[in-house]
Structure formats: structure tokens, C-alpha cells
Amino acid sequence: MFERDEVMTRAGTPFSVFTPYRNAWLARLDGAALRAHPVRERAAALARSSDAGSPSLEVLGFQRTNPRDLRMPTGMGGARTLFDEFMQRIDRYREQRDLPAVRGSSYLSVHLRFGTISIRELARAAHARAGGGAAAWLSELVWREFYFMILHHHPGVVDRAFRAEYGGIRYPGDASYFLAWCQGCAGYPLVDAGMRQLDRTGYMHNRLRMVTASFLVKDLLVDWRHGERHFARKLNDYDLAANNGGWQWAASTGAMHSPGSASSIRKRSPSASTPTAASSARTCPNSPAFRTDTSTHHGGWGRSSSGPPAYGSGRTIPSRWWIMRRRASGPSPCTGARRAERS
Ligand SMILES: Cc1cc2nc3c(=O)[nH]c(=O)nc-3n(C[C@H](O)[C@H](O)[C@H](O)COP(=O)(O)OP(=O)(O)OC[C@H]3O[C@@H](n4cnc5c(N)ncnc54)[C@H](O)[C@@H]3O)c2cc1C
């Protein structure tokens, strides 16, 4: 919607906090910003296709994949279908976007990535509609631009913490934990459901991205960059700015960071327990965890567990309790960093 340095603080510097950025962004959202840009008259400026025709997907660096099997509506027609369908439910977006088992969000991210729908059209539709659902959704579109802006002004975030004071954190998490997390065998059904959804569909619900990322970094103590790379390889809607921003948010190293600790996020998520458990059960139908009482699904194995149950492929990682004991026996990497910051 805006150039990366069009929405700046009064001092002319880039924002680093989302809410004031969003307020400034919304204040600039006038008719001119929302109007479709005329493109036909500029068509002559486009590169002419060569005699050899359009380059193939492979030449462009993509591999052929299976959007039909994924039942992903493709192209501009597919984007239009998704958009029209979402407009029927946008008023419920604020509540339903929190529930992974409910079709609450727009699923338009892959179309925004590939340009098969216009961001201006989406913003115009949300802006024209009164109500909390549309306002919440417009705010998500602003998050997208916020992370573009962060990446533009701070290109170092690609491989470094945005908050320099956290650049030196060491992550002692074992490679086997990372592997188990990637394979959806971490032992926490909500986390595993998200990872299996990613593996099978190339998509993961936003709340599950938040939970799985936080879990990897703050419970398994694995460097966020490993998780970021895994998402980059798997997500059909992969976007460097949004993915990096999301991971740095989860790791609390970013411009915006998760409130409290990762475990508080994970504990909060199951409060919508029924639909979330339903989502987990759909994605991990063979997990032994789903043959037990659904009310306990999200707690993992708990403190009293004598050890990890056989799970999925049999590859398991130590329980949260065990990890916490390991963590307690040495200084937490985060605590270390905070101490360093104060001194
Ligand atoms: C760890 C992590 C990694 C992520 N990686 C990506 C990524 O690679 N690509 C990507 O597009 N989004 C990413 N997101 C943001 C978000 O999860 C997805 O945009 C969203 O799940 C896409 O589903 P949707 O289109 O139904 O979203 P909706 O809820 O319908 O939102 C509408 C649009 O707003 C934008 N949006 C929504 N939330 C965010 C957000 N937190 N940050 C930036 N833009 C947002 C997206 O373009 C999205 O399509 C990531 C989030 C986290 C926590």
C-alpha cells in the first residue's frame, strides 16, 4: 500500500513498534491510497517477452508441486473465490481467527505472495466495511507492511536479532529436538498438529505458527533461525519479511515480541480447547494421545510423567518436565542475555 519509507515517525525515522505504525498507516489511508493504480498505461514499460516465450517455472527457480492435491484455489480466479467467500465471514474474523479448527481467516496469504490478488482491493474492502471483524483483518494487512518496512530499514534482521542485545544468546537445544519438532513428533499434540499441517499442506494456521515457533525456541531452546529456515522451505505463502518478523516475535528478539514467556502463550492456546483439540485430532489421527481424554491433550506429558510415551513414528523428545530440569540446572540463555544487558 505504501512505500517502505512513506509511513515514518514525526522525526522522520522508521517505526519499530507496531501500534504507532498502524495508527500512522491508517491516518494516511485516504482515497488516493485505496484507489487501484492505473496499470494499462504503463504496460508498455514492461519487459518484452523473448521469442522463446515465457520462462518456465523451473527457470524461475520453482519446482513443480501439487496445488490440486492440496485443494488450493490457484490463479486470480482462485484468489477471487477465496476473497468472495471470506467476505461472507469477515464480520466473525476477530473471534474465529483464534481457532485453528475453524475456517476463520482468509487463506489469501499465498495469493498475496504471488500477486494474484491486489492488496489495494483487499484494503479497500476492509476499510469500507464497518465492524470489528473488518478492522481486525485490516490490522493484519498492516502487520504485513510493518514487517516489509522493518526488513527494508533493518536488512541485518535476515540473520541477526533485531534487538542487538539478544544477538549473543546461545541456544543449547539438541539437534534431535529440532528433528522431532520438524517431523511433528514433539509430543505436544497442538504443536505436532501444526507441524504436520505444514508438512502436508504447505500452510499453517497463524496461531499454530505462533505456538510451534515459541515452543521450538523457548521450550526446546533451539535457535530461531533453524525454525525460520524450515518454515521458509515448507510454506507456500513464504515471505522473508513476515516469516522473519514472526520468528523474531516468537523468540522475543524482534521489533515486536511475544508477551510474557513462550510457555504462557502455549498454555493460553488450549483455552479454546474443543475446536483446537478437534484440529489436532484431524491432523494426527494415529497419535496415541488422541485415544486418551481430550481434556488433557494440550498439557503434554506433565510433571508426573515417568517418561515420554511412544508417539507417532517412535521418535520422541524429552518431556517439558525433563527439559525444565535441564534448564534449571544451568543458567537460562535468556536470563544470561538480560544480565549482560543490565551490566
Ligand atoms: C513464525 C511465523 C511465521 C510466519 N511466516 C509467514 C510467511 O512466511 N508468510 C506470510 O505471509 N505470513 C507469515 N506469518 C504470518 C501469518 O501467520 C500468515 O500471514 C497467516 O497465517 C496467513 O493466513 P491467512 O491468509 O488466512 O491470514 P489472515 O488472517 O486472513 O490475514 C490476512 C493477511 O494479512 C497478512 N498477515 C496476517 N498476519 C500477519 C502477520 N502476523 N505478519 C505479517 N502478515 C500477516 C497476510 O498477508 C495474510 O494473508 C508468519 C507468522 C508467524 C508467527
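Predicted model: local features only at pLDDT ≥ 70, side-chain atom pairs only at ≥ 80, totals over all residues.
Me: What does Leu-34 touch beyond four places away in sequence?

Reply: The partners are Leu-29, Arg-120, Ala-123, Arg-124 and His-127, each with its C-beta atom within 7 Å of that of Leu-34. Arg-120 is 86 residues away in sequence, yet the C-alpha atoms of Leu-34 and Arg-120 are 5.7 Å apart.

Me: How do you know where the buried residues of α8 lie around the helix?

Reply: Helix α8 (residues 175-182) has Phe-178, Ala-180 and Trp-181 as its buried residues. Viewed down the axis of α8, these fall within an arc of 165 degrees, so they line one face of the helix. The face turned away from that side carries Ala-175 and Leu-179, both exposed.

Me: Which helices do the buried residues of α8 pack against?

Reply: They pack against α9 (189-201), α10 (206-219) and α11. Just after α8, Gly-184 has a positive phi of about 70 degrees.

Me: How is the packing of α11 and α12 described?

Reply: Two packed helices are described by the angle between their axes and the distance between those axes. For α11 (residues 224-234) and α12 (residues 240-251), the angle is about 145 degrees and the axes are 10 Å apart. The crossing is right-handed.

Me: Which residues of α11 and α12 make the contact?

Reply: From α11 come Trp-224, Gly-227, Glu-228, Phe-231 and Ala-232. From α12 come Asn-243, Asn-244, Trp-247, Gln-248, Ala-250 and Ala-251. By class, the contact has 6 nonpolar, 4 polar and 1 charged. Glu-228 is the charged one, since Glu belongs to that class.

Me: What makes a residue part of the shell around the ligand, and which come nearest?

Reply: Of the 27 residues around the ligand, Ser-105, Ser-106, Ser-109, Asn-243 and Gly-246 come nearest. Two or more residues each come from α5 (109-114), α7 (132-153), α10 and α12, and α12 gives the most, with 6 residues. The shell divides into 14 nonpolar, 7 polar and 6 charged.

Notes. Residues numbered from 1 in each chain as written. Axes fitted to C-alpha atoms, helices over the stretch in contact; angles between N-to-C directions. Helix = DSSP H or I, 4+ residues; strand = E, 2+ residues; numbered from the N terminus. Left-handed = near helix turned anticlockwise from the far one by under 90°. Contact = placed C-beta atoms within 7 Å. Buried ≥ 20, exposed ≤ 12 C-beta atoms within 10 Å, placed from the backbone. Arc of directions from axis to C-beta. Near = placed C-beta within 6 Å.
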